[in-house]
Amino acid sequence: MGDDAKPLSPAMRVVIPLVLGAILIGVWEVMVWWLEVPRFILPAPSMIGHSLMTDYPSLLASLWITLRITLMAFVIALVLGVALAVLSTQWRVVEISIFPYAVALQVTPVVAIAPLILIWVGVEHIDRALLILATIVAFFPILSNTTLGLKSVDHNLRDLFQLYGASRWQRLRLLQLPAAMPYLLGGMKISGGLALIGAVVAEFVAGSGTGSGLAWRIVESANRLNIPRMFAALLMLSALGIVIFLLLAGLEKLLLGRWHESAVRRER
Amino acid sequence: MDGVDRTTEPMAATARPLIRISGVGKRYTGGTQALHDINMTVAEGEFLSLLGPSGCGKSTLLRLIAGLGEPSEGTIDWPRANYDAAAQPERSIGFVFQEPTLMPWATVFENVYLPLRLDGMRRGDAKAQVEEAIEGVGLHGFIKSYPRQLSGGMRMRVSIARALVKRPKVLLMDEPFAALDEMTRMKLNDDLLELWAGRGWTVLFVTHSVYESVYLSSRIAVMGTKPGHLRELIRIDAPYPRDEAFRLSSAYNEYCRVTSASLRGVMGGSEH
């Protein structure tokens, strides 16, 4: 955490941002009523809240769809990324052969390949297209971070394992994977957010027809000028993103808390 | 050899040496000649220091003895060891690096247990042996600590415990105390001598400190640079156990003077 920040109690770390949020929402509410801003341009927070209450069955169903695609994409990206990283550090030929294509996949904007993926999976399976696109977006940070981590093993520790005749499997499990853990967790934090972005962007592009995730709710609300509901859907999306981030940050603390420099608080 | 060998090989007639180094040279792929024509033997039970300036190849030689890398010329034999199917000697060594080289994610126990674990020994079976090694270096009470919670000297003790846990015949140490402060270093020197006297293993100790090598060693191999070569073998005949009294004695001063002169000859020879 922030090195130069003055010590702040955990409660204040929560309370201070909440107070700021409450002030901003209050100003927003008052300004909207005061200036009589039309609801299809900027709805008041109270109207967004009202929309959240009345529309929540349909919004919740959409949230569930987006959440499912995000989670599945994240898990697939995690498994694939770690597996390929392990393979490429065990056999250099794997690394040399797959990395250019992984980079190519990464730098190609996902929006540009969406139509192609849609044609391949067929319009009746849009959810599969969303899953594939979100996975592509989430995959690369896991692969590159884990590869870097597996290679960043202290040379003397590597020598030590060689001295004691460690097998390839022992070296991977007892040395390389633990050493790569901070890198992997960093990659996971990026990928968790990217999986959600991928799921939303893919739905914007693939959208119509069976699409009914949160992204589609936003498009639909915009078309009908139901801006309060659009804000409600947006709110849910950012809440989802925040929850994913917090869960992964918690996991990081749980796994690294006792030993890694990043997780240990220093007293001065 | 371009130096004067002032010693006869110890017990050459009566016993086979533990390690025999014959005509060893090492050239790296970049073309750097790190070592040239090293000839010496290591007898069982001796405390032999490899002393020399940076770049004399003393660490390289130690790593070759450990089996980390192959000499480009010459051979390193272990006349008393069994050789396996791949013609590798069963070296029975412990290695202590210049840095403690501990796994930061593992406790003191896990770090010291590692060599036994890599041999396939179960935790329960290894427990007594690991705890004995940790207690042997005076770290009881820190078994569950993580390396980052320990001071530099304590981390080095963990590293020594790990090197000793398999009860090796030879302990190889690559400038183990170079990064520590003077007080910690003296304390660890004394503790190391005590451990060595109690167990009867052989120690090969790389250092660039004349004072440290004279205090610890029964023999010093003085090495020179460009390329790394063996300059001179100096026997330190002072009896063990050695303590503060030896450090203050005139004999110690005389040994330091002779060794320094030898080392200076090495430096002068290589730089002018």
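Predicted model: local features only at pLDDT ≥ 70, side-chain atom pairs only at ≥ 80, totals over all residues.
**Figure 1. The crossing of helix 3 and helix 10 of chain A**. The axes of helix 3 (residues 56-90) and helix 10 (residues 227-256) of chain A come within 11 Å and cross at roughly 35°, and the crossing is right-handed. On the side of helix 3 of chain A, the residues shown are A:L59, A:L63 and A:L67, which meet A:A232, A:A233, A:M236 and A:L240 in helix 10 of chain A. By residue class, this contact divides into seven nonpolar residues, with no polar and no charged ones.

**Figure 2. The side of chain A that touches chain B**. Across this interface, 15 residues of chain A are in contact with 13 residues of chain B. Helix 7 (155-163) and helix 8 (168-206) of chain A each supply at least two residues of the side of chain A that touches chain B, and the largest share, six residues, comes from helix 7 of chain A. The residues on this side of chain A divide into eight nonpolar, four polar and three charged.

**Figure 3. A:P10 in helix 1 of chain A**. A:P10 lies in helix 1 of chain A, which covers residues 10-35. A:P10 counts as exposed because it has 7 C-beta neighbours inside 10 Å, where the cut-off for an exposed residue is 12 or fewer. Between A:P10 and A:S62, which are 52 residues apart along the chain, the C-alpha atoms are separated by 34 Å.

**Figure 4. The fold of chain B**. Chain B contains eight helices and nine strands. The radius of gyration of chain B is 19 Å, close to the 19 Å that the globule rule gives for 272 residues, so chain B is as compact as a globular protein of that length. Along its principal axes, the C-alpha trace of chain B spans about 55 × 50 × 40 Å. Buried residues make up 39% of the 272 residues in chain B, and among its contacts with a separation of 6 or more, 73% are between residues 24 or more positions apart.

Note on methods. Residues numbered from 1 in each chain as written. Chains lettered and ligands numbered in written order. Helix = DSSP H or I, 4+ residues; strand = E, 2+ residues; numbered from the N terminus. Rg over C-alpha atoms; globule rule 2.2 N^0.38 Å. Buried ≥ 20, exposed ≤ 12 C-beta atoms within 10 Å, placed from the backbone. Contact = placed C-beta atoms within 7 Å. Nonpolar A, V, L, I, M, F, W, Y, C, P; charged D, E, K, R; others polar. Axes fitted to C-alpha atoms, helices over the stretch in contact; angles between N-to-C directions. Left-handed = near helix turned anticlockwise from the far one by under 90°.
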